[in-house]
Amino acid sequence: MSFDPILIRHQLHQIPELAFNEYKTKALIKSYLDSFGELKIIEFANSTALLAVYSHGEGEYQLFRADMDALPVEEETHCDFISQHAGLMHACGHDVHCAILLGLIQEVCTSKPSVNALFLFQPAEEGKGGAEAVLAEGIIQSYPIKAAYALHVNPKLGLNQVSTKAGIFFAIPQEFDVDFIGKSAHAAFPEAGKDAMNGGIKFYQQIKAEIAELVHEEPLIFHVGKISSGAIRNIIADKCKLEGTHRTLSVARKKQLNQMIVDCANRVAKEEQLLCDVDFLCSYEPVVNDPVLYERFVETCKNHSVDFIPSPIYMTGEDFGFFTTLYPGLLFWLGANDPDHDLHSGTLLPDDACITNGIKILYQLL
Ligand SMILES: [Zn+2]
Ligand SMILES: [Zn+2]
C-alpha cells in the first residue's frame, strides 16, 4: 500500500487532541504503520507513544521523532480539512511533523536502505514533557542510538528554507506558580484581614527588579502572564496566584532564578504576614545541537539545494531537549511558508508543500 503524506496531514489536522490524549491520532498513525511488514511496532504502556523500528542488521540506530499533540485553540482557518474537534487545533504544526515522519517511513520501507532507524511518535510536547514520559519507559534506551533528529515547522521561513545552529538552540523553560494566602475582611476593617493581593503585587515588583539587576551575559526571560486575586471591590483578597515562566540558557542560571523566586516570595510573605507556596511545574532540558550533526546537516542542505539559514538562539523550549541531553541530536526549523501567522495562533496553516521537503531532508540525513 502506498499513501500520500499530505492526505495524512489533512486527516490528522481534523482530529487534534491534547497532550497525552492522542488516542485517535495514535490509532490513525498505527493503521498506516501496520501496513508495512518491515517494521516492528512498539506501543508504550504509559502514554500514546508509538515506536516503529526499522532494522537492517547489526549496528547503531538513528532516531527520528515527531510530536503528536495539539492545542486548546479554536481554529480560524478556512481550510477544507478544518479541525472537527471544537476548541482544539493543530496550531503548532504537529500534524505536519507526524505526516512527514510517516512519509519518511514509507520512503524507507520502499527503498530499504542498509541502516537502522527508530521512528518515534511522541505525545505531549506542549508543556507536558511527553519526551520525559517516553524515556521513563526505558524502551528507547534499549537501542544503541548514535543520532536523534527532529524538525519543527516555522511559518516565517519559505518553503525551501531550513534553519538551525550548533550548540544551544532552544532555552530551558521553567514554569512556576506563586501563591500568597492571607485573610479576607471588609475593606473598612483592614486590621482584621491580611491582604494577599498586596503580597502578590509586592512580589511581582521586587522579583522583576532583582532579575533586572542580575549581571548576565546571556539572554534570559522572566515573565508572569497571569495574576488572579480578589472577589469584590470592598473585600480584602485572601488569595493571590501568580503564574509565570522563565527561560534560561544554563542549568546553573535556572537554579539561581528558582532560588530567587523562593527567597523573594518568602521575604514578602513574612513582611506582609501571609503564607506563601511556590510550585515549580514543567521544565525541559535545553535543546543542544551536536556540532558534528550540525555540520552534516549544513552539508546535506548544500548538496540538495536546500536554502540553509544560520539561526540565532530561541528562548522557546522543546522537550526534544531530553533527547539531545542523552544522545547527539539535531533539531531544525523547516520552512512552512505562512509568514503572516504565528505558531499557536488559530490562523496558522503551514503549507502542505513543506511536507515533501521535510521528508526529503530527513531521508538524506538517514
Ligand atoms: Zn507549540
Ligand atoms: Zn510545536
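Visitor: Which protein donors does the zinc ion (ligand 2) have?
Guide: They are Cys 92 (SG), His 94 (NE2) and His 152 (NE2), at 2.1 to 2.3 Å from the ion, where donors are N, O and S atoms within 2.8 Å of the metal (3.2 Å for Na, K and Ca), and since water is not among the atoms, sites may look incomplete. The model is predicted, with local features needing pLDDT of at least 70 and side-chain atom pairs pLDDT 80 or more, while totals for chains, interfaces and linings use all residues. Residues are numbered from 1 along each chain, chains are lettered from A and ligands numbered from 1 as written, and side-chain values use heavy atoms, without hydrogens and water.

Visitor: And how far apart are the two zinc ions, ligand 2 and ligand 1?
Guide: They are 3.1 Å apart, and Cys 92 coordinates both. Cys 92 lies in the loop between strand S3 (61-67) and helix H3 (94-111) and His 152 in strand S5 (residues 145-154), so the pair ties together parts that are 60 residues apart in sequence; helices (H or I, at least four residues) and strands (E, at least two) are DSSP runs, numbered from the N terminus.

Visitor: Are Cys 92 and His 152 buried or exposed?
Guide: Both are buried, meaning under 20% relative accessible area (1.4 Å probe, protein chains only).

Methods
Buried means under 20% relative accessible area, exposed over 50%, partly exposed in between (1.4 Å probe, protein chains only).
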